[in-house]
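Have a look at the structure first, then read on.

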Amino acid sequence: MALPLTDKRILIVEDEQVFRSVLVNYLKSLGAQTTEAINGLLALKAVEDVNPDLILCDLAMPEMNGIEFVEHLRLQGRQIPVLVISATDKMADIAKVLRLGVQDVLLKPLTDLNRLREVVLACLYPNMFTSQAIEEIELFKDWDALSQNPSEAVRLLKQLQPPVQQTIAHCRINYRQLTPAESSGLVLDIAALSDKDLAFYCLDVTRAGDNGVLAALLLRALFNGLLQEHLANQQYRLPQMSALLKQVNQLLRQAKLEGQFPLLMGYYHAEYKNLILISAGLHAEVSADDKPIQLTTGIPLGTLDAAYMNQINQQCEAWQCQMWGSGGRLRLMLNIE
């Protein structure tokens, strides 16, 4: 009988020699072909050489750490499944790798190799496993504590806010809170999907009580992975944003987060110069190459079983979008470099 990992190539990126040897020997016992790297720089070369089916990666490593390594992979457009195994106690680090689309996070010390086997098989054979994406919440080991400690959840969310100015996918991006920071309830997230495209969302957290902040943390963890899944099936790499929004609505319900969640999502492809915006409950005015466009609000997520939203699709080299709701007002601006 064939071993479960026969013919599977697994790259292990880990600087601790003893633990790396444990992983290598265990995975080989399951039939895998293994390659080793002690930091992210060497791992990038190994990816080129062996084209692995799965990567196991630590976070704290010299030269290039695990977060930087996964960022490089995703910017290259590589969607190789990544399983993070780390001793980190920083939820911000876990949230960041989740948003980069890693499949799972296991925390050291890893004493249950059967658990490792289960997760590795789930990464390599996703269609054989029925676990829903909402189970990713468990990767926040203190999720229950956050649910019971709203002030800690708010503090974490503030740590995760993007810089007000940055360059992503060869585009200059900046944003301004047009409401005093202490009273703003709009949460923005922006992320590169490759060196040619990016995505963002803006969520009003004020209409669901404490659940608004928890919904923002959940969305931050899952957004990139969900979008990458959609893009993987699109010939011209333009996502079906309406399908994505419906999926987010279902995830909020599965997480038992009740309330109204006004949300705007956007996607921009710098090569195609294509901007897609979709709103479920947030007001938005767009200026695309100085052409004004009004985006009607739709119905906030969480209001109904189904999602009702409005969308625009526009060709432009520069744009700005002003978004507002009961949580405040924010302006996001982009120019191609």
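Between domain 1 and domain 2 there is one residue pair in polar contact, both residues being at pLDDT 80 or more (a pair of N or O atoms within 3.5 Å; within protein, one must be able to donate a hydrogen and the other to accept it, and residues adjacent in sequence count only if both atoms are side-chain atoms). The count of salt bridges between the two domains is zero (a salt bridge is a side-chain nitrogen of Lys or Arg within 4 Å of a carboxyl oxygen of Asp or Glu). Please keep in mind that this is a predicted model, where local features need pLDDT of at least 70, side-chain atom pairs count only at pLDDT 80 or more, and totals for chains, interfaces and linings use all residues. Residues are numbered from 1 along each chain as its sequence is written, and side-chain values use heavy atoms, leaving out hydrogens and water.

**The domain contact**

- Domain 1 covers 9-129 and domain 2 covers 135-336, with bounds from an automatic or database domain assignment.
- The contact (heavy atoms within 4.5 Å) takes 17 residues from domain 1 and 21 residues from domain 2.
- About 1600 Å² is buried between the domains, 62% of it on carbon and sulfur atoms; buried area is the accessible area (1.4 Å probe) that two parts lose on being put together, summed over both.
- Met 91, Leu 98 and Arg 99 supply 45% of the area that domain 1 buries against domain 2, more than any other three residues.
- On the domain 1 side, α4 gives the largest share, six residues (helices are DSSP runs of H or I, at least four residues, and strands are runs of E, at least two, numbered from the N terminus).

**Salt bridges**

- The structure holds 10 salt bridges.
- Lys 45 and Asp 49 form one of them, with the closest N and O atoms 3.0 Å apart; the two residues are four apart in helix α2 (residues 40-50), about one helical turn.
- Lys 108 and Asp 58 meet at 3.4 Å, N to O, and link loops 50 residues apart.
- Both Lys 108 and Asp 58 are buried (buried means under 20% relative accessible area, exposed over 50%, partly exposed in between, with a 1.4 Å probe and protein chains only).
- Glu 14 joins Asp 58 and Lys 108 in a network of salt bridges.
- Lys 196 pairs with Glu 271 at 2.9 Å between the closest N and O atoms.
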